[in-house]
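Please examine the sequence and the structure shown below.

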Amino acid sequence: MDPRGAFQEIALPRKNSKENLDRFIPNRSAMDFDYAHFMLTEGKKGKENPAMSSPSKEAYQKQLREVFNMNRTRILAFKNKPPAPVEFMPQEYASVQQSKPVKPRRHIPQTSERTLDAPDLLDDYYLNLLDWGSSNVLAIALGTTVYLWDASTGSTSELVTVDDDKGPVTSVNWAPDGRHIAVGLNDSEVQLWDSTANRQLRTLKGGHRARVGSLAWNNHILTTGSMDGKIINNDVRIRDHVVETYRGHQQEVCGLKWSASGQQLASGGNDNILHIWDRSLASSNSATQWLHRLEDHTAAVKALAWCPFQGNLLASGGGGGDRCIKFWNTHTGACLNSVDTGSQVCSLLWSKNERELLSSHGFTQNQLTLWKYPSMVKMAELTGHTSRVLFMAQSPDGCSVASAAGDETLRFWNVFGTPEVAKPAPKAAPEPFAHVNRIR
């Protein structure tokens, strides 16, 4: 037999010396020969000649062994020491991360900080009688009169008292400028007022045939919802103000909210239907078709709130026969979550500063409930009203909430806390060759 062939038959592939070592073959590169020699010679003399050792000497030698890591019992090493752990983050960054302070839990006052009388406030679930404008002025409709309360000064003034044949007032809504306000009436008309000059600008009429219980601004477009089931977009700049009509509800439209982008409109009705309308589909020639028709609620849908940190997320609340808060992806129409609150959902507000949602309720507790999103864990329940909390409005800074209830009181709650002071943006590092003229 050819000797080279025999060698090839028994030869094994050469293995890396750092892995797959035979458990019975010592790894010389991992052994400490000086320590091994000491243990085989000098290390046993004390035990073999106990007369030559003393307790103090043994204690001293023990301390020496601990210091020099000589308390090992093995002489032979059969594998290398494990590699040092790899640091995925530089040490200076790791120390910064560890030293980052834990955000303290926010204190949420359980009682209202202020309570005002609201006589003649209509106990009607389908109306929208409270709104807080960007100029920090709160508007509330009491019977046939609209009052303005300046949160900066605490002063109250009367904006308008309508005639009995036109009233009562059924909705109020501030324009984005915080100066102009729309007032919906029981006789199907809508008045536009300049709150600074305290004068009426115009009346929108002819679009609806019944009371206007819901209003929503989108720049110069005022959207109105009525008991006749129609939703109308009114361009307040032009004489013929009706520019689009949305038909989809069979009963009163009690909830209207435009998304922050102004592209999508959510509408809720007493027919238990939630519609999503898209402006890109709007037509002035015929009734516009909805983007989504959502029929999951089993009672009237009045409470609507667009999420401030996710543009296509909408929260909706159902009436006494439903009691649920539902979350929707308005691009797809998918219901993301549904939470049974146990009572009628009258109003919803998102926090502008935290991922939190506030809901107001009716029987039996008439409470305001603060929820953590998206876990929907209850953070607080605020009680004090003795009747259902029909309306809520949020201050421009997002910290305070006003609630109005059938008990004819207006309460103010410091529920959302103080917003964090924005840190100044770090200065950008100078670009290389910044001093060189650029070729344009």
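Glu408 is found in the loop that runs between β27 (401-405) and β28 (409-413). In this predicted model, Glu408 shows a positive phi of about 60°, although this residue is not a glycine. With a relative accessible area of 34%, Glu408 is partly exposed, because that class covers values between 20% and 50%.

**Positive phi in another loop**

- Asn136, a residue other than glycine, has a positive phi near 70°.
- The loop that holds Asn136 is located between β2 (130-132) and β3 (137-142).

**Cis peptide bonds**

- Gly167 and Pro168 are joined by a cis peptide bond, for which omega is about 5°.
- Pro168 belongs to the loop between β5 (156-161) and β6 (169-174).
- Phe363 and Thr364 are likewise joined by a cis peptide bond, with omega about 15°.
- The position of Thr364 is in the loop between β23 (356-361) and β24 (368-372).

**Cysteines and disulfides**

- A disulfide is a covalent bond that links the sulfur atoms of two cysteines.
- How many disulfides does the structure hold? The count is 0.
- Is Cys254 buried or exposed? Cys254 counts as buried, because its relative accessibility is 0% and the cut-off for buried is under 20%.
- Cys399 also counts as buried, at a relative accessibility of 8%.

Technical notes: Residues numbered from 1 in each chain as written. Predicted model: local features only at pLDDT ≥ 70, side-chain atom pairs only at ≥ 80, totals over all residues. Heavy atoms only, no water. Helix = DSSP H or I, 4+ residues; strand = E, 2+ residues; numbered from the N terminus. Buried < 20%, exposed > 50% of the residue type's maximum accessible area, 1.4 Å probe, protein only. Disulfide = S-S within 2.5 Å.
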